[in-house]
Amino acid sequence: MSGLLTLAYLIGSITFIVGLKMLSNPASARKGNLIAAAGMFIAIIGTIFLYEENGERLHNFGWLFGGLFIGTVVGVLAAKKVKMTAMPEMVSLFNGMGGACAMLISIVEFDHLANGHITVNIGKFIQDAIGQAAQHGDINIGAGFGNPVGKYLIILLGLIIGSVSFAGSMVAWGKLNGKVKDFSFNGQHIVNLIVLAAIVIAGAWLLIDVHQQFSGGNGSWTSNPPAAPFPNIELQSMADTTLINTLFYVTLALSIVYGVMFVMPIGGADMPVVISLLNSFTGVAAACGGFLYNNPVMLTGGILVGSAGTILTILMCKAMNRSLKNVLIGSFGAKATSA
Amino acid sequence: MTAILDFLQLHIEMVYIVILSIFLGIEVISRVPSVLHTPLMSGANAIHGVVIIGAIIVMGKAEADNWLALVLGFLAVILGTLNVVGGFVVTDRMLEMFKKKK
């Protein structure tokens, strides 16, 4: 990471903190929002032009700026046109977009990791391997650039949290503009718990499978011998990825189902609280991206929103004289008695 | 167990950032008046749009023949931008409304 980019990220992180602080005071709130926006702008521009991985800058600028342009135009128009009364549903919609973004990032990175090629700088790779040999007396090729279980875990977390937030926000948005009706059935919270358990099991199974493949030597990497002394080489995984792939997409589907089921039974009046909760979820999903890319601004921004959003959710509940548990679970009871 | 310890050691800086950020986030907004709840939620919503940076990285390093990465990355960039730009503009409009009321 170049020094200038590090500085851009530092500025970004600071503006997020200052922005949040100013947003919690009526006198400075508007300025705080603008400061955070400016920091975000710096971080985005810095990433586009300065980010490099293995000494390679980003490319695909056509696609990149196309996407940024479309997103900006649609975002500004939608935000400007929306009626004042419809603002909370707009926030929910945008929150869902953020969750979907985290979900898509996880899918692409998973595909890279499980099915694609990994580019490794051979010089650093040999150095790591020699370092390992000195330490342990042998060389484990698979571990030369890290056991991938940690990476899979972060990708999975980003996927699950991002897609729950996406699906949940979409339902919340539909509820607020009256397109989706409250829906619950007896024992729904038990079904929800089962779905949640299934997500955890599928995710854990995937991680265990990855771990076994890599510790069993099955998951070693092959490569044609590199031509130049220290080029970047592409490694092709030999691991059997059918099971990993299936489990990954099962987890994705279940997470979306869970997101829908989670918000479905909650009444319209409690929606702001739920949106705030999903908001903090998306923050955590963004922070997973920060871990994945070793990116400090994503990490601080995401975690800040995650923790601030959670506290805000609790504060909102208190302002409504309810407890969070009451909002999330109580609705089932209320529905059951009224039905 | 050793795997967990290794992971901790490898990412210790990030773990520290996470822990400190959690407390910072709690501290920073703990005394927000209830009128500002919705704008603050909206502002936080815009800030977690930093996820766009991940989308930019995915998009920017996608190989020209990897259509999955190209298409999903492109979608992710659009959605992330929507989150950031829309989030900040909506927050600004909400806060503008506040001023007029006074």
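This is a predicted model: local features need pLDDT of at least 70, side-chain atom pairs count only at pLDDT 80 or more; totals for chains, interfaces and linings use all residues.
Start with A:A29. This alanine sits in helix 2 of chain A, which covers residues 29-50. Is A:A29 buried or exposed? Its relative accessibility is 0%, so A:A29 counts as buried. The cut-off for that label is under 20% relative accessible area. Look next at what surrounds the residue. Leaving aside residues up to four places away in sequence, A:A29 touches A:M22 and A:L23 in its own chain, and B:L36 and B:L95 in chain B. A:G19 lies 10 residues from A:A29 along the chain, and their C-alpha atoms are 8.0 Å apart.

Now turn to the surface. A nonpolar patch there has about 1,000 Å² of accessible area together. Its members include A:L4, A:L7, A:L10, A:I11, A:I14 and A:V18. Also among them are A:F41, A:I42, A:I45, A:F49, A:F61 and A:F65. Three elements of chain A give two or more residues each: helix 1 (3-23), helix 2 and helix 3 (61-81). Which helix gives the largest share? Helix 1 of chain A does, with 6 residues. A:I14 is one patch member to inspect. This isoleucine lies in helix 1 of chain A. Its relative accessible area is 45%, so A:I14 is partly exposed. Residues need over 30% relative accessible area to join a patch.

Charged pairs come next. How many salt bridges does a search of the whole structure find? Over all chains, the search finds 6. One of the pairs is A:E52 with A:R57, whose side chains meet at 3.0 Å, N to O. A:E52 has a relative accessible area of 29% and is partly exposed. A:R57, at 44% relative accessibility, also counts as partly exposed.

Another salt bridge involves A:E53 and B:K61, whose side chains meet at 3.4 Å, N to O. A:E53 lies in strand 1 of chain A, residues 52-53. B:K61 lies in the loop between helix 4 (51-60) and helix 5 (67-101) of chain B. The pair therefore joins two chains. A:E53 counts as partly exposed, because its relative accessibility is 31%.

A further salt bridge stays within chain A. A:R322 pairs with A:D270, and their closest N and O atoms are 2.9 Å apart. This pair links distant parts of the chain, 52 residues apart. A:R322 is in the loop between helix 10 (296-319) and helix 11 (324-338) of chain A. A:D270 is in the loop between helix 8 (242-263) and helix 9 (271-293) of chain A. A:D270 counts as buried, at 7% relative accessibility. Salt bridges with shared partners also join A:R30, B:D92 and B:E96 into one network.

Two asparagines deserve a look at the backbone. A:N294 has a positive phi of about 55°, although it is not a glycine. This residue is in the loop between helix 9 and helix 10 of chain A. At 45% relative accessibility, A:N294 counts as partly exposed. A:N321 has a positive phi of about 65°, and it too is not a glycine. Its place is in the loop between helix 10 and helix 11 of chain A. A:N321 counts as exposed, because its relative accessibility is 74%.

Finish inside the protein. A search of the whole structure finds 2 cavities of 30 Å³ or more. The second largest cavity has a volume of about 60 Å³. Which chain A helices give two or more residues to its lining? They are helix 4 (87-115), helix 6 (149-176) and helix 9. Helix 9 of chain A gives the most, with 4 residues. The lining includes A:A102, A:I105, A:S106, A:I154, A:I155 and A:G158. Also among the lining residues are A:A285, A:C288, A:G289 and A:L292.

Definitions and conventions. Residues are numbered from 1 along each chain as its sequence is written. Chains are lettered from A and ligands numbered from 1 in the order in which they are written. Side-chain values use heavy atoms; hydrogens and water are left out. Buried means under 20% relative accessible area, exposed over 50%, partly exposed in between (1.4 Å probe, protein chains only). Contact means heavy atoms within 4.5 Å. Patches are made of residues with over 30% relative accessible area and no salt bridge: like charges are joined within 9 Å, nonpolar side chains (Val, Leu, Ile, Met, Phe, Trp, Tyr) within 5 Å. Accessible areas come from the Shrake-Rupley method with a 1.4 Å probe; for residues, only the protein chains shown count as cover. A salt bridge is a side-chain nitrogen of Lys or Arg within 4 Å of a carboxyl oxygen of Asp or Glu. On a 1 Å grid over the protein atoms alone, a cavity is a set of points where a 1.4 Å probe fits but cannot get out, and a pocket is an open set with protein on both sides within 12 Å along at least five of seven lines; lining residues have an atom within 4 Å of a point. Grid points are joined across faces, edges and corners, and a volume is the space filled by probe spheres set on the points.
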